[in-house]
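Student: I would like to learn how to read salt bridges in a protein model. Please show me one.

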Amino acid sequence: MERCFVNINLIRCKYVFFLPHGPEGAGNKKNEVEKYLFNFRFVPRPHVNGTVADKARFLMKKTLFAAAIFGAMTSFAAGAQAVEQPRFFDNFSIGVDGGVTTPLSHQPFFGSMRGIVGLHIGKQITPTFGVGVEGSFGINTSSWKGRTHSSTAFDDSYVGVYGAVDLFNLFGGYPCYVRPFSIEAVAGAGWGHTYFNEKVDKASPYNYFVTSAGLNFNFNVSDHVTVALKPRVGWNMTADYEYTSVAYDKNKATFSLMAGVSYRFGRGFPCVTPYNQAQVDALNGEINSLRSDLAASNNANLALQQRANALAGELQACQNKAPEVVKEVSNQYNSVRFVFFRLASSVITADQMPNIEMIADYMKDHPKSVVIVKGYASPEGKYEFNVKLAQARAEAVKNALVRKYKIDPDRITAQGEGIGNMFEQDSWNRVSICTLENNK
């Protein structure tokens with residue numbers, strides 16, 4: 001009697017001969033001869049009993065369990081470098097592939113190469129580990145020697161899932177950027193299907209479970225575009241019959257070499273610098289200290305503003321007071337005017353403008369007069385800054401006389417004197433002293 005069952009690459013038929021001694025089981029001898037036939041049309045569609053299906057499901061569970069453990073290990077390895085948590089749609093990729101495929105045995109390796117095209121969609125979970133789904137179509141693979149020829153151009157297909165591990169990031173660490181070149185180890189599993197037109201080709205379509213392993217040689221053209229060379233070996237894991245166990249068999253394997261182009265979305269995996277609790281506490285202490293300094297500065301500015309408002313009120317009261325006739329007036333009071341400034345500022349406030357106006361009125365009434373403006377700063381702050389500030393205060397008075405009151409700039413001398421110590425009250429030393437002189 002003859003039992004035949006289909007393989008992805010060939011048909012193996014087992015012929016059982018009974019010697020004519022009597023009925024089988026009564027001491028008769030049995031001979032079994034295995035014969036390999038490369039032709040689908042002589043056998044019916046194979047039947048896989050429950051025992052074989054159970055084996056296939058068990059193998060699938062072992063494969064997925066091993067992939068999960070491997071992914072967890074690689075994720076742990078990638079955790080050595082802290083990266084920013086990506087958004088959900090970051091690091092998805094889509095790409096197309098094209099290349100050749102050929103059987104690993106019983107066929108000429110190069111002479112049996114046929115075309116193959118594919119599509120893949122992936123998601124990089126960590127800088128080291130990624131997963132995805134992929135599909136491919138073989139072109140005219142049924143023309144391999146001994147096979148039943150299919151009338152369809154795309155005569156076999158594969159759809160499955162895969163996991164990929166970046167070996168450079170796994171063993172060398174993630175460098176916080178996309179390397180120009182990297183190598184990935186890839187393993188996958190899925191569903192294979194061979195296409196036949198039962199009426200035309202005299203053969204039935206065939207489904208089988210596939211596992212695969214290989215490498216991706218990635219040339220990263222940019223942070224988003226990758227060109228890859230992908231050698232891969234795929235095994236038909238479906239048992240032929242009850243006498244055949246599920247196993248990795250080179251007689252049921254194909255080799256493929258594809259080139260692919262993919263585009264990756266999102267911003268990748270930006271690195272972050274983790275801080276321990278002691279560093280966080282130190283930074284919080286600095287922040288609180290700066291907040292205290294800011295509050296103290298605000299209080300000081302408030303006090304100065306109140307003082308300036310008081311002075312402005314006194315000035316207004318003086319301006320509203322009726323002038324007193326004095327027989328003798330010191331030349332010092334006639335020729336000197338003071339313009340006061342706020343802390344760290346060279347801006348003339350509104351309450352100081354009357355002093356500028358008094359200088360302008362005098363110079364208009366005395367066309368030959370000149371004024372020497374000397375700017376000063378109080379000792380608070382850095383010395384270099386105060387030197388510049390003193391000069392800026394003198395220039396501010398000069399600019400006001402020229403721009404607002406149209407005084408000839410040649411009649412004005414502005415010079416910074418640095419830090420002043422004329423007055424015991426430091427705030428009074430934030431001043432420009434204007435001395436008027438008459439040229440006879």
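Student: Which residue forms a salt bridge with Asp97?

Tutor: A salt bridge is a side-chain nitrogen of Lys or Arg within 4 Å of a carboxyl oxygen of Asp or Glu. Here the partner of Asp97 is Lys230, and their closest N and O atoms are 2.9 Å apart. Asp97 lies in strand S4 and Lys230 in strand S10 (residues 225-236), so the pair ties together parts 133 residues apart in sequence. Helices (H or I, at least four residues) and strands (E, at least two) are DSSP runs, numbered from the N terminus.

Student: What kind of model is this?

Tutor: This is a predicted model, in which local features need pLDDT of at least 70 and side-chain atom pairs count only at pLDDT 80 or more, while totals for chains, interfaces and linings use all residues. Residues are numbered from 1 along each chain as its sequence is written, and side-chain values use heavy atoms, with hydrogens and water left out.

Student: Is Lys230 buried or exposed?

Tutor: Buried means under 20% relative accessible area, exposed over 50%, and partly exposed in between (1.4 Å probe, protein chains only). Lys230 has 9% and is buried; Asp97, with 11%, is buried too.

Student: How many salt bridges does the structure hold?

Tutor: The structure holds 6. One of them joins the side chains of Asp90 and Arg267 (3.4 Å, N to O). Asp90 is in the loop between helix H1 (50-78) and strand S4 (92-103), and Arg267 is in the loop between strand S11 (253-264) and helix H4 (277-320), 177 residues apart. Asp90 is buried at 4% relative accessibility, whereas Arg267 is partly exposed at 40%.
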